[in-house]
Amino acid sequence: MKTYFIEFSYLLASILFILGLRGLSHPETARRGMHLAEFGMVTAVIGTLLQREIISYEWIIAGLLLGSTIGLAMGIWVPMTAMPQRTALSHAFGALAASLVGVSEYYLHGAKLGEFRMGALGFEVLLGSLTTTGSLVAFAKLQGLVPGTPFTYKGQNIFNLSLLAVTIGCFLVLFFNPGTAVLFYLMLGLAFIFGILLVLPIGAADMPVVIALLNSYAGLASAATGFAISNNVLIIAGTLDGGSGFILSIVMCKAMNRSITNVLFGAFGSVSTATATTGGGDMREANAEDVAVQLAYARQAVFVPGYGMATAQAQHALRELANALEDRGVTVKYAIHPVAGRMPGHMNVLLAEANVPYSQLYELDHINPEFPSTDIAVVIGANDVVNTAARDNANSPIAGMPILEVDKAKLVVVLKRGRGKGFSGLDNPLFYKANCEMLYGDAKESIVRLTQAVHEA
Amino acid sequence: MSSETVIATFYVFILAAFLGYQVISRVPPLLHTPLMSATNAISGISLVGSLVTAGAHQTTVSAVLGFVAVVCSTTNVVGGFVITDRMLKMFKRKATPPTKKSED
């Protein structure tokens, strides 16, 4: 009877998780959906606590309390601009949990595991461990603890692939001989090292893909846990998470016109230094007062935010500028490139935080036809996503990447910290075009100056 | 483990993968960040496995591993749901004071 109750709680949780994710297909149903998912989680936890195997509750209660405290603190105080780091860290936590459960299962049962459970356990520990360290490296890069530039050396790919081959070799031997404990712990250690080496060579600008991919691995590690302890709700939730990460990484790759292998093994930044000539011309420097007049008398203005807006925390200032413009009758739109920022949807969240209604946020396909009828496009700390070389120069390292075609607007103003080439190290021909002007300085300060000047115009 | 169970498990996995594809490809790019933190919170369901490991108390080693796993998964579950809700609360269709005049 009790078993039925427990299994029913898992079934209910699975259904509620799926309904919860379905709610996310629209901003208006999203919150309700998440409440269903939360309820599902509580149901599953209560069901689990009733299981016969659980005989002592001290460790459980201590763990639940400590975890809730950390989670709640992070949930409440992490700023929206730090969302990419937070996400990377949570992938590390999730993967570590899966990995540890796997290690404990092996430690307890070892040689007695059948082939099927050993296989599932191997996947769980392999994916879990490499995702843990990989996510920690991604976190360090995003948080600025480690330089965001790709870390490369000669023979890196060959070394990494051999390491992976040895790790998988251990797994295969274990699959047929679950008793060889040495290999299990060797595999565990190698997977930890491989995770670090996998993410080190990847540049900060490629982080949206990497985060999505690590998301996928963390989910699959949970699903593998479900296989190992034959628990369906774990399989379902893990697969949903893994699938979601996988779909997102494909979306991100498409938005950069690159393959996943290229992102993982291409070491983007190192290639681009060789091909950074655009021929010349001068970049024209604008002054804030002139730009403000152009904005104030425009019919339509489009803002293009990038990672620079996030680092300068300029989203609130931007919203005030937009308010000032709307009061004067200017139509304001925001153009969001799928890989703008450091994680999928990063810009949308920041603008939503600044109270920008989502009906003003436009995706690539919807905003591009509008640029020719746009009076002024303002690029805020974005570079690659508006780099015309991607469209015009077949030899560019980012050739074929779909871009926001701001150069078709009557005037483009680029807010940029300095004259440097930005994170990817790529030169941008847009900056030399006749209809493009540069406004140097911290994005937030520039926007505040623009807003004042608009009020005075 | 019986072969029936193994096969049933694969059925669950494959069906979940198809269903996941259908559900998730309908999520608009607008909500991709909340989607990521939501799926992250949901996959914190590995808490279920961690709880059993921590509570079965077969050896001290497994109890400690289980404890760390419980802490990690609970952090994800609680943190993930709180942050997702914080984000979703911010998405509004219209600006709070409607000040949109198109042309005069």
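Biologist: Which domains is chain A divided into?
Modeller: Chain A has domain 1 (1–77), domain 2 (90–270) and domain 3 (280–456). The bounds come from an automatic or database domain assignment. This is a predicted model: local features need pLDDT of at least 70, side-chain atom pairs count only at pLDDT 80 or more, and totals for chains, interfaces and linings use all residues. Residues are numbered from 1 along each chain as its sequence is written, while chains are lettered from A and ligands numbered from 1 in the order in which they are written.

Biologist: What separates the centres of domain 1 and domain 2 of chain A?
Modeller: 25 Å, with the centres taken over C-alpha atoms.

Biologist: And how many residues are in contact there?
Modeller: 6 residues of domain 1 of chain A are in contact with 5 residues of domain 2 of chain A. Contact means that the C-beta atoms of two residues, placed from the backbone, lie within 7 Å.

Biologist: Which helix gives the most on the domain 1 side?
Modeller: Helix α1 (residues 2–23) of chain A, with 5 residues. Helices (H or I, at least four residues) and strands (E, at least two) are DSSP runs, numbered from the N terminus. The domain 1 side that touches domain 2 of chain A divides into 5 nonpolar, 1 polar and no charged. Nonpolar covers Ala, Val, Leu, Ile, Met, Phe, Trp, Tyr, Cys and Pro; charged covers Asp, Glu, Lys and Arg; the others, Gly among them, are polar.

Biologist: Switching to helix packing. At what angle do α12(A) and α18(A) cross?
Modeller: Roughly 60 degrees, and the axes of α12(A) and helix α18 (residues 443–456) of chain A come within 8 Å. That makes α12(A) oblique to α18(A). Axes are lines fitted to C-alpha atoms, for helices over the stretch in contact, and angles run from 0 to 180 degrees between N-to-C directions. Under 35 degrees is roughly parallel, over 145 roughly antiparallel, 65 to 115 roughly perpendicular, and the rest oblique.

Biologist: Which residues make the contact?
Modeller: From α12(A), Ala288(A), Glu289(A), Val291(A), Ala292(A), Leu295(A) and Ala296(A). From α18(A), Ser446(A), Arg449(A), Leu450(A), Ala453(A) and Val454(A). They divide into 8 nonpolar, 1 polar and 2 charged.

Biologist: Where does Ala298(A) lie?
Modeller: In the loop between α12 (288–296) and β2 (300–305) of chain A.

Biologist: Buried or exposed?
Modeller: Ala298(A) counts as buried because it has 22 C-beta neighbours inside 10 Å. Buried takes 20 or more other C-beta atoms within 10 Å, exposed 12 or fewer, partly exposed in between; C-beta atoms are placed from the backbone. Leaving out residues up to four places away in sequence, Ala298(A) touches Val330(A), Asp375(A) and Ile376(A).

Biologist: Which residues other than glycine have a positive phi?
Modeller: Among them is Ser230(A), near 35 degrees. Ser230(A) sits in the loop between α8 (207–228) and α9 (232–256) of chain A. Gln313(A) is one too, near 55 degrees. Gln313(A) is partly exposed, with 16 other C-beta atoms within 10 Å.

Biologist: Last topic, chain B. How many residues does the contact with chain A take?
Modeller: 86 residues from chain B and 101 residues from chain A. On the chain B side, the largest share, 29 residues, comes from α4(B).
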